[in-house]
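Here's a quick tour of a two-chain model, one topic at a time. Keep the viewer open as you read.

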Amino acid sequence: MTIACERNAATMSVEETRTTTTKDGSPKLFATSDERFRNAQPSPVKGDPPENWLVLPAKQFRELNYRFGESGSGEVYVSLASGSVGDNVNRWFRQFGEAALSAADLEKLARIPIAGTEGVWVEARGEYAAGMGGAAARPGQALAGVISQVGGRLLTLKMIGLEAEVEAEKDSLKAFAASLELTR
Amino acid sequence: MDKKTKTTHAPTGKSLFRKVYDFLSGFHLATVTLLLLLLLTWLATLEQIDHGLYPTLNKYFSWKSWYLIPDMVPEINGKKLPIFLPGGYYVCALLLVNMILGGIIRIRKGPKQIGNLISHFGIIFMLLGGGVAHHFSERGNMAVSEGETSNVAEDYHEYVVEVSEVKDGEREEFHVVRGEYLTDLKGGKSRIFDFEGIPFSLEISGYLVNSVPSNQLERPRQKNELVADGYYLEEMPGEVETERNFGGCYARVIFEGGEKSDPFIMAGASYYPFTVRDGDRVFTIDMRKRLWVMPFEVKLDTFTADFHPGTSMPAKFVSDIRRLENGQESKLTISMNEPMRYEGLTFFQASYGPQGAKPGDPMYSVFEVVKNPADKWPEYSLYVVAFGMLVTFLTKLGGHLGASSRKRKNAE
């Protein structure tokens, strides 16, 4: 042991060293806390969220994850999903109890920029039932989102929350969609 | 001890020195210390079931433990009796003194006592071996996969903080802050560490024996812990098997101008080190179990596990290895009860993995690496004790046969 000072000292000079071993690989530098503590892989999507959105850790099916609104209940998340644009648009509509759109109706939906391409802009409002985990339907909700095929993958950006709060964040959502970028 | 040794109470008029000498060399003290060791060993054996082997050994036999209160004490009206016992280390030390004074110096000298003297030397040798092992031995484990090479063992318990400069993506030298300088940094206490050749200091505080970094958004804090980059150290109950604990602490970098970085978490339960940039130099800071560099490399060629038919009871684990040193290669086998001893190190076959592997799956072998200067002393001391007892037996037998012969002659 070659530490030069006393154990209780407030400052110590460390002299003990060791050489590289077979356990020391090339270090991963500048790892984020998520990477250091959860071995989380870097997100395959990155974007520039507005400052008033609360950044949450990524989790399954949510590559980017945020909260918004004064109620604290609004959610925004980005997913890489499977299926077609039409299937996912209609799945979102079903969550609000709306009828599925035909292919012709889908063509009529607005397009907005997302991740260097264009995606279908989807809006719905009413009673929201996510249809997962037996959660109770929530009245007075609204959805705004974008669905697009990007690089052979289906990219979805979904905002769910109280109708007034979603309405107030629509422009921010569109700007965020435009800022999205696939990283791998 | 020789029962013929005089151990009666010192008559009045003896000097204090003589009284102390009589006490320390007496048969009574030997009896009491041996009974205490028996009691301590029995209690520790029972206690380690609930509290784990390592903490129990520390509690009962560490030099830091002057006295102890065993868990298994009688209760009166639901309250445990405060029974204090002396620490095993000091009981052994007292027995050593007793053996030297009573069993070597004070014992009656003569041809009939040669066997006793030899046995007492053996016991002294054994006690000294225990002390040497306690103070100077090191233990760790080395895991090696088939076809791979290792030159390092990892300590079972000690977490250290390592600082290293990265040059061309690699690190060559690691500055090591040993665990004994971290574990007392609790309750607001902090310490600043300087490293030769490193342009900053490291301030460490908030050490926790077992903790995991938790995301404050997912697991709200319970104790208003310090949050660093969205994470805080969540204290966990200590594991019974203490090698499963994850040490953790908070750190700040203090740059040459006195500027401090934001606090960051150092955790045994982390995948990657923390990175610090200072000018155009880059450093890693990591917390991990202490690595112990071996003077040679071990390459595992094959690992074989045999089980008793129809059971999961191990019949034989065999690691065929190559020891690589200075360009030389030695083929060896390490198996259960057949360790490799080399250059003061002993490699025991300890474990293997992965569990449930099928035939043909790549395996890894785990060796317990022990550096103990007194490694073979207990064995040798037992030989000495046994030889001394044999001499005593033969001396007594000779005396008995001689006496019988003389009786017969006298009768004739």
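## Helix packing in chain B

A crossing is called left-handed if the near helix is turned anticlockwise from the far one by less than a right angle, and right-handed if clockwise. By that rule, α2(B) and α4(B) cross in the left-handed sense. Helices here are DSSP runs of H or I with at least four residues, strands are E runs of at least two, and both are numbered from the N terminus.

Helix α2 (residues 27-51) of chain B packs on helix α4 (residues 88-106) of chain B at about 150°, with the axes 9 Å apart. Axes are lines fitted to C-alpha atoms (for helices, over the stretch in contact), and angles run from 0 to 180 degrees between N-to-C directions. So α2(B) is roughly antiparallel to α4(B) (under 35 degrees is roughly parallel, over 145 roughly antiparallel, 65 to 115 roughly perpendicular, the rest oblique). Residues meeting here include Leu34(B) and Leu37(B) from α2(B), and Val91(B) and Leu95(B) from α4(B); contact means C-beta atoms, placed from the backbone, within 7 Å. The contact has 10 nonpolar, 4 polar and no charged residues. Ala, Val, Leu, Ile, Met, Phe, Trp, Tyr, Cys and Pro count as nonpolar, Asp, Glu, Lys and Arg as charged, and the others, Gly among them, as polar.

## About the model

This is a predicted model: local features need pLDDT of at least 70, side-chain atom pairs count only at pLDDT 80 or more, and totals for chains, interfaces and linings use all residues. Residues are numbered from 1 along each chain as its sequence is written, while chains are lettered from A and ligands numbered from 1 in the order written.

## The sheet in chain A

In chain A, 7 strands make an open antiparallel sheet, ordered β4-β5-β6-β10-β9-β8-β7; pairing takes at least two DSSP bridges. β4 (54-56) and β7 (111-114) of chain A sit at the edges with a single partner strand each, so one side of each has no neighbour in the sheet. Ignoring direction, neighbouring strands are turned by 25° on average.

Within the sheet, β5 (residues 64-68) and β6 (residues 74-81) of chain A are joined by 5 bridges, and Phe68(A) stands opposite Gly74(A).

## Where the chains meet

At the interface, 40 residues of chain B contact 31 residues of chain A. β7(B) gives the most to chain B's side, with 8 residues.

β7(B) also pairs antiparallel with strand β2 (residues 17-19) of chain A over 3 bridges. There, Thr19(A) stands opposite Glu173(B).

Notes
Contact = placed C-beta atoms within 7 Å.
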